[in-house]
Structure formats: structure tokens, C-alpha cells
Amino acid sequence: MTTVLILLVILLTMVHFYLKCSLMTSFSTLVAAIFATVIAFSYYEAMADLFISRGYGADWALAGCYLLAFILGSALFRALADMLVGSSIDLGKSARIAAAIVCGLITGVIIAGNFLVAMGLMPVQHKMVYSRFPADRQIILTNPQLPTINADAFVTGLYSWLSRGALASRTSFAVVQTDFLNKIHLNRYYVHKDVQSIASRR
């Protein structure tokens, strides 16, 4: 089910790029998705804390703020790119199609990966929802249940690589949030037994 969802997102993204995007808008949309991923990973916890510290959202705040940060970040950077670059540069049909396919594929994986990360942050354990450690299976840390297209690992690895280049090694994402994806999925393992995945400070 998860793999089908990922493939659907990628396919729809590539179709959109092919039908709607010029050469420059293909590149700008890809760059916007990358920047939005950075924004989402960097600020979703701080955004969620604004709600959790006031007793709102609690279990759903992290997932909601992550999605909100990604969507708003993507829209903002895409708008800025359109203003600065424009879409009038044209190197011919072949270049436009090639850019649409390559950029659409990568952007589709990034979009799908970010939605999977948000799903991992949701306080839900159900067979229809993506989970690396389903509630009906014994936990085996070395053998999580992964989708065929590991899109969430791709975006997490991308952000880890970017943070390693921009930050000191002691504070990079890969160091501070070691094994991030498995941790967020383990955090909701017992939600079906009414065990909350997060506690409010109030």
C-alpha cells in the first residue's frame, strides 16, 4: 500500500512537470522542494512546541507542523524563484522534457518522502498507515518494515548530508537524531493501547 502511494505521488508529480512546467520552473520547483525539506526538518519541532507547551495539539502537533512547514516552505521558495528567475528561458523541447522527467522524478520522491516522515510522526497505528514497526508484529530493530521505494530515508539522508555540511559535526542532524526514522515509528508503537506518543508540558 505504501509503495503504491509513493509511486502514485511520483507519477502525478512527473505528469505535472511534463504538462505544466517549463525548463526553469522544473528546476525552481525541485530547488523549492529541497529548501522546503530543510525548513520542515529544521523548524517543525519548534513550531510544534508552540502548540504543545500551551496544551494544544499534543500528539498531532509534530506531524501537522512538519507538513505545514514543508508546504509553506515549498510555496514560498517557488514564488521567490519565479520572481527572481522567471520562466521565459527556453532551450528547446528536448531540454524541457528531459528537465521535466528528471526534476519531476526527484521532486516526486522528495514530496513522497516528506509525507512519509509526517505519517511517521502521526499518533496512529493501523495497517493502512505506513509503519516501520506495525503493532501486530514483534519489534525487531534490525528488521524494520520498509517500503520498496524508501523515500523517507532519501529525504532524511539528504537533510543529514546538508546539515553535516552546514553545521559542526557535534550538532548535525545525523548526530543529534541518530536513526531518526526508526525512533519516530517506535515512539508510536503502543498508541493503539492509548499510550500517548508525547506529553504536554501543561
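Author: Happy to! Let's start with helix α1 and helix α4, the latter spanning residues 93–121, whose axes come within 7 Å and cross at roughly 145°. The crossing of this pair is right-handed. Sorted by class, the residues of the contact of α1 with α4 are 17 nonpolar, 5 polar and 1 charged. Please keep in mind that this is a predicted model.

For a closer look at this part, take T13, which belongs to helix α1, residues 2–20. T13 has a relative accessibility of 10%, and therefore counts as buried, the cut-off being under 20%. Its side chain reaches the backbone oxygen of V9 at a distance of 2.7 Å. Once neighbours within four places in sequence are set aside, T13 is in contact with G104, T107, G108 and I111.

On helix α4 there is another residue worth a visit, N114. N114 counts as buried because its relative accessibility is 0%. Not counting residues up to four places away in sequence, N114 touches T37, F41, Y66, F70 and V155.

Those contacts lead us to a second pair of helices. T37 and F41 are among the residues that N114 touches, and helix α2 covers residues 23–52. Y66 and F70 are also touched by N114, while helix α3 covers residues 61–84. The axes of α2 and α3 come within 6 Å, and they cross at roughly 145°. Here, too, there is a right-handed crossing, with α2 passing α3. The contact of α2 with α3 comprises 21 nonpolar, 6 polar and 3 charged residues.

As you'll know, the angle between the axes and the distance between them are how two packed helices are described.

Now let's step back to the protein chain as a whole. There are 7 helices and 0 strands in it, and from the N terminus on the elements run α-α-α-α-α-α-α. Of the 202 residues in the protein chain, 40% are buried; T13 and N114 both count as buried. If you take the contacts between residues at least 6 apart in sequence, 78% of them join residues at least 24 apart. As for the surface, the protein chain exposes about 11300 Å², with carbon and sulfur atoms supplying 66% of that area.

Conventions. Residues are numbered from 1 along each chain as its sequence is written. This is a predicted model: local features need pLDDT of at least 70, side-chain atom pairs count only at pLDDT 80 or more; totals for chains, interfaces and linings use all residues. Side-chain values use heavy atoms; hydrogens and water are left out. Axes are lines fitted to C-alpha atoms, for helices over the stretch in contact, and angles run from 0 to 180 degrees between N-to-C directions. Helices (H or I, at least four residues) and strands (E, at least two) are DSSP runs, numbered from the N terminus. A crossing is left-handed if the near helix is turned anticlockwise from the far one by less than a right angle, and right-handed if clockwise. Ala, Val, Leu, Ile, Met, Phe, Trp, Tyr, Cys and Pro count as nonpolar, Asp, Glu, Lys and Arg as charged, and the others, Gly among them, as polar. Buried means under 20% relative accessible area, exposed over 50%, partly exposed in between (1.4 Å probe, protein chains only). A polar contact is a pair of N or O atoms within 3.5 Å; within protein, one must be able to donate a hydrogen and the other to accept it, and residues adjacent in sequence count only if both atoms are side-chain atoms. Contact means heavy atoms within 4.5 Å. Accessible areas come from the Shrake-Rupley method with a 1.4 Å probe; for residues, only the protein chains shown count as cover.
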